[in-house]
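Please read the points below with the coordinates open beside you. They begin with a question about one residue and then widen to the chain.

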Amino acid sequence: MRVELEEILHTLSSDGSDAACDVRDALAPPEANDAPPNFFAEITRREQAPDDKVRRQVLRLITSLGYASTLVLQHRLEISYRQASSIVAALERDGMVAPAHGFRPHKTLAPAYQLLESLETQLDEPRQH
């Protein structure tokens, strides 16, 4: 097949048409700097941080349950697995939940309760004025 295309290219080149350049460009192997996009980086790029409303929903949920799990967040908040796992990872990174042991859910830690209390207090203050 490639031989046939090269013959066509040679014929077009002898005619001096611009089509020969287009075909030559199409047949040329990709250059080293034309690397394919990094698929892993694309699928693992960080999602946008949840807004305050979602953050409060998450904090209310994990403090009422005493634990956090991707599955619970996914079902209760009706979000994707990717979003739920990102939230749980952020909660763990921020010290709101303990690391999971095996398949057990993440235990909610004291800072989560304190943060929820301070957020709720901030929300109540504007209403009083």
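Leaving aside its neighbours within four places in sequence, which residues is alanine 112 in contact with?

1. Alanine 112 is in contact with Leu59, Ile62, Thr63 and Met96 once its neighbours within four places in sequence are set aside, where contact means heavy atoms within 4.5 Å. This is a predicted model, in which local features need pLDDT of at least 70 and side-chain atom pairs count only at pLDDT 80 or more, while totals for chains, interfaces and linings use all residues. Residues are numbered from 1 along each chain as its sequence is written, and side-chain values use heavy atoms, with hydrogens and water left out.

2. Alanine 112 belongs to helix H7 (residues 110-128), helices being DSSP runs (H or I) of at least four residues and strands runs (E) of at least two, numbered from the N terminus. Alanine 112 counts as buried because its relative accessibility is 0%; buried means under 20% relative accessible area, exposed over 50%, and partly exposed in between, with a 1.4 Å probe and protein chains only. Between alanine 112 and isoleucine 62 there are 50 residues in sequence, yet 8.2 Å in space from C-alpha to C-alpha.

3. Threonine 63, in helix H4 (residues 52-65), is buried because its relative accessible area is 14%. Beyond its neighbours within four places in sequence, threonine 63 is in contact with Thr108, Ala112, Tyr113 and Leu116.

4. For the chain as a whole, the secondary structure comprises seven helices and two strands, in the order α-α-α-α-β-α-α-β-α along the sequence. Of the 129 residues in the chain, 22% are buried.
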